[in-house]
Amino acid sequence: MLWLKAFHVIAVVTWFAGLFYLPRLYVYHADTVDSISIERFKIMERRLFGIMTIGAAASVVFGVAMLLTAPLYLTMGWLRIKLSLVLLLIAYHGYCYKLVRDFAEDRNTRSAKWYRLFNEVPSLLLIAIVLLAVVKPF
Ligand code: HEM
């Protein structure tokens, strides 16, 4: 169980490295006009999305493995709320994919300011999920 938890946390850190940095790339990309930089951003975004998807998949696999090892977790209030927030995080991840596609096809319509705000969402989810997982308030 402790091994699963350790790899779960490692995978979550990998996932969040991407969730924090990919929207930052959108901020810079949205303000860029020269074609060499634009093409470079497209490559960086595609690769970072791939790495963070591996982190996301591994987080879910190790998390579910812990639930299978100890199904009693599912009766706990904190875990149920945590899983609801994880679903929001997965939806955010999916939306990041749509944005990578939009940028790749030069179809972005949003401003850098919008991406700055969008960039705050994973921080809020991270704080809520980690507090639930560590403090287990109910
Ligand atoms: C399907 C997705 C997930 C499942 C099924 C899952 C499930 C679990 C389970 C069963 C534990 C063990 C709790 C314990 O023994 O204390 C755990 C620990 C933990 N999870 Fe998740 N988790 C998922 C996603 C996430 C995400 C996205 C984050 C971060 C944003 C996260 C952060 C943590 C942390 C920090 C711990 C360690 C808590 C501690 O040791 O006190 N998990 N998770």
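**Notebook: a helix-by-helix look**

I started with His29, which sits in helix 1. Helices here are DSSP runs of H or I with at least four residues, strands are E runs of at least two, and both are numbered from the N terminus. Before going on, I noted that this is a predicted model, where local features need pLDDT of at least 70, side-chain atom pairs count only at pLDDT 80 or more, and totals for chains, interfaces and linings use all residues. I also jotted down that residues are numbered from 1 along each chain as its sequence is written, and that side-chain values use heavy atoms, with hydrogens and water left out.

Is His29 buried or exposed? His29 has a relative accessible area of 5%, so I wrote down "buried" (under 20% relative accessible area is buried, over 50% is exposed, and in between is partly exposed, with a 1.4 Å probe and protein chains only). Skipping neighbours within four places in sequence, I found His29 in contact with Ile38, Phe41, Lys42, Glu45 and Phe103 (contact means heavy atoms within 4.5 Å).

**The iron**

Which residues coordinate the iron atom of the ligand? I found His8 through NE2 and Lys82 through NZ, at 1.7 to 2.0 Å. His8 is in helix 1 (residues 2-30) and Lys82 in helix 3 (residues 77-104), so this pair ties together parts 74 residues apart in sequence. Donors are N, O and S atoms within 2.8 Å of the metal (3.2 Å for Na, K and Ca), and water is not among the atoms, so sites may look incomplete.

The iron site has 6 donor atoms with angles of 85 to 179° among them, and it is octahedral. For that label, six donors need opposite ones over 155 degrees apart and all others between 65 and 115.

His8 is buried at a relative accessible area of 13%, and Lys82 is buried at 13%.

**Helix 1 against helix 3**

Next I looked at how these two helices pack. Their axes come within 11 Å and cross at roughly 40°. That makes helix 1 oblique to helix 3. Axes are lines fitted to C-alpha atoms, for helices over the stretch in contact, and angles run from 0 to 180 degrees between N-to-C directions. Under 35 degrees is roughly parallel, over 145 roughly antiparallel, 65 to 115 roughly perpendicular, and the rest oblique.

I listed some of the residues that meet: those in helix 1 include His8, Trp15 and His29, and those in helix 3 include Lys82, His93 and Phe103.

Leaving out residues up to four places away, Thr14 touches Ile51 and Gly55.

Asp106 is in the loop between helix 3 and helix 4 (112-118), and is exposed at 56%. Lys136 has a positive phi too, near 50°, and isn't a glycine either. Lys136 lies in the segment after helix 5 (121-135).

**Whole chain**

How many helices and strands did I count up? The protein chain has 5 helices and 0 strands. Its C-alpha trace spans about 55 × 25 × 15 Å along the principal axes. Of its 138 residues, 35% count as buried.

Technical notes:
Four donors count as tetrahedral if all angles lie between 85 and 135 degrees; four count as square planar and six as octahedral if opposite donors are over 155 degrees apart and all others between 65 and 115; anything else is irregular.
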